[in-house]
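Dear colleague,

Please find below the structure that I am handing over to you, shown together with its sequence. My findings follow directly after it.

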Amino acid sequence: MSGTSLDGIDAVLVDFAEEGKPVLVGSHSLPFSNSIRAEIALLCQPGQNEIDRMGELDRRLGQLFAQATNELIAKTSCPRARISAIGSHGQTIRHHPSRSSAFSIQIADPNTIAYLTGLKTVADFRRMDIAAGGQGAPLVPAFHDAVLRDRTENRVIINIGGMANITVLATGQPVTGFDTGPGNVLMDSWIQHRQSRNYDEDGNWAASGACDIALLDQLMSHPYIQAPAPKSTGRESFHLEWLKGVLTAFTHLGDADIQRTLLEFSALSIAETINNLDITFHRALLCGGGSHNSLLRSRIAALLPGIKVSTTTNFGIDADWLEAMAFAWLAKQRIEGGTGNVTTVTGAASPCILGGVYLPPPN
Ligand SMILES: Nc1ncnc2c1ncn2[C@@H]1O[C@H](COP(=O)(O)OP(=O)(O)O)[C@@H](O)[C@H]1O
Ligand SMILES: [Mg+2]
């Protein structure tokens, strides 16, 4: 798995022997170099020579995803023959689920992954859902439903990656969920732009500034925030150039004030959405890299009065690896012929079997 944060590749080995209780056997992160990150970010916007750049990066990322897998296997010393399959989300470089010819593109060539690992590889998880009229995203809610639902309490899962998405697990009701808007992406972009650091650890830089209400209001007026579900978003809607455009009216603000306001924007767009759902939640469980940002976590908790806020780690699924585990689970669904999308989440006309299967050479 590699998400919109472009931090790197997360690889997990998961044992699904016990129904409903996946066991994380091993995990491994392969961070992207600055140059790969820059190349991916460049492909997330229209530009010259895109087809050649996409073709080459597709192969390079296929090699890196295979490397992450091989390093993980070496670390866990699990015999390769015991591994049924790889589920590879790939790297999203474009996501336009609401155009009349809707599409979503993930790269990291699965042929290359299968060839270099010798393992059956399932990839291209989003496009069948889009073919069925869905958003193709988010796909993790089905896994959240399978492993984090409780019979007695209403829960909301909040995954804070580059974008943020929520999954609603209300007792006696089908799972729903959608992207709320930006998670880390704007905070990451701003600190990269102003301080050449990858991310704002624990929100420390943000904490040194003050939230500006006028800028916050302006950010919250982005049409995506109030749009009805089903919906999903990406770097097409929330990116540095868009932010710079908004900031032309706020030249009086200091850089740290902007960072603090971007953090509040993520917290408020998540919390306001949850508070508007008309469901009494008992518990919110955070996951994804943003769950490590202590200021962001405390702002979300403060904006969700009456809801107990902790992380999925406290409920048996490691918050750092949950999304990668979800794609292992989706690969298992594909191989067993089960469906992977949730129509109440993506808006697809029907449940579908997601993903294509790529086989390594025999022997
Ligand atoms: N200690 C931390 N403090 C603040 N932010 C963090 C911390 N650890 C991780 N992050 C954030 O999490 C991001 C990675 O999250 P991840 O769940 O991998 O997102 P994605 O799925 O989009 O790749 C980093 O880019 C960073 O913004
Ligand atoms: Mg990541």
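In this predicted model, five strands form an open sheet with mixed pairing, and their order is β9-β8-β7-β10-β11. The edges are taken by β9, residues 176-182, and by β11, residues 308-311, each of which pairs on one side only. From one strand to the next, the twist averages 20 degrees.

Strand β10 covers residues 283-287, runs parallel to β11 and is joined to β11 by four bridges. For orientation in the display, Arg283 can be found opposite Lys308 of β11.

A second sheet is also open and has mixed pairing; its three strands follow the order β3-β6-β12. Strand β6, which spans residues 121-123, pairs with β12 in the antiparallel sense through three bridges. Val122 has Val357 in β12 as its bridge partner. Across β3, β6 and β12 lies helix α13, residues 322-335, and this helix runs at about 115 degrees to β3.

A further strand pair is found in β4 (residues 91-96) and β5 (residues 103-107), which are antiparallel and share five bridges. These two strands form a hairpin, with six residues between them. In this pair, Arg94 stands opposite Ile105 of β5.

I turn next to the packing of two helices. Two packed helices are described by the angle between their axes and by the distance between those axes. For helix α11 (residues 255-275) and helix α12 (residues 294-303), the axes come within 9 Å and cross at roughly 35 degrees. The crossing of α11 past α12 is right-handed. On the α11 side, the contact is made by Leu263, Glu264, Ser266, Ala267, Leu268, Ile270 and Ala271, while α12 contributes Leu295, Leu296, Arg299, Ile300 and Leu303. Sorted by class, this contact has nine nonpolar residues, one polar residue and two charged residues.

As for the overall division of the protein chain, there are two domains: domain 1 comprises 8-133 together with 350-358, and domain 2 comprises 141-315. Their centres, taken over C-alpha atoms, are separated by 24 Å. Eight residues of domain 1 and six residues of domain 2 take part in the contact between them. On the side of domain 1 that touches domain 2, three residues are nonpolar, four are polar and one is charged.

Finally, which residues are closest to ligand 1? They are Gly3, Ser5, Gly161, Asn184 and Gly289, out of 19 residues that surround the ligand. The shell around ligand 1 is made up of one nonpolar, twelve polar and six charged residues.

With kind regards

Note on methods: Residues numbered from 1 in each chain as written. Chains lettered and ligands numbered in written order. Predicted model: local features only at pLDDT ≥ 70, side-chain atom pairs only at ≥ 80, totals over all residues. Near = placed C-beta within 6 Å. Nonpolar A, V, L, I, M, F, W, Y, C, P; charged D, E, K, R; others polar. Domains from an automatic or database assignment. Contact = placed C-beta atoms within 7 Å. Pairing = 2+ DSSP bridges. Axes fitted to C-alpha atoms, helices over the stretch in contact; angles between N-to-C directions. Left-handed = near helix turned anticlockwise from the far one by under 90°.
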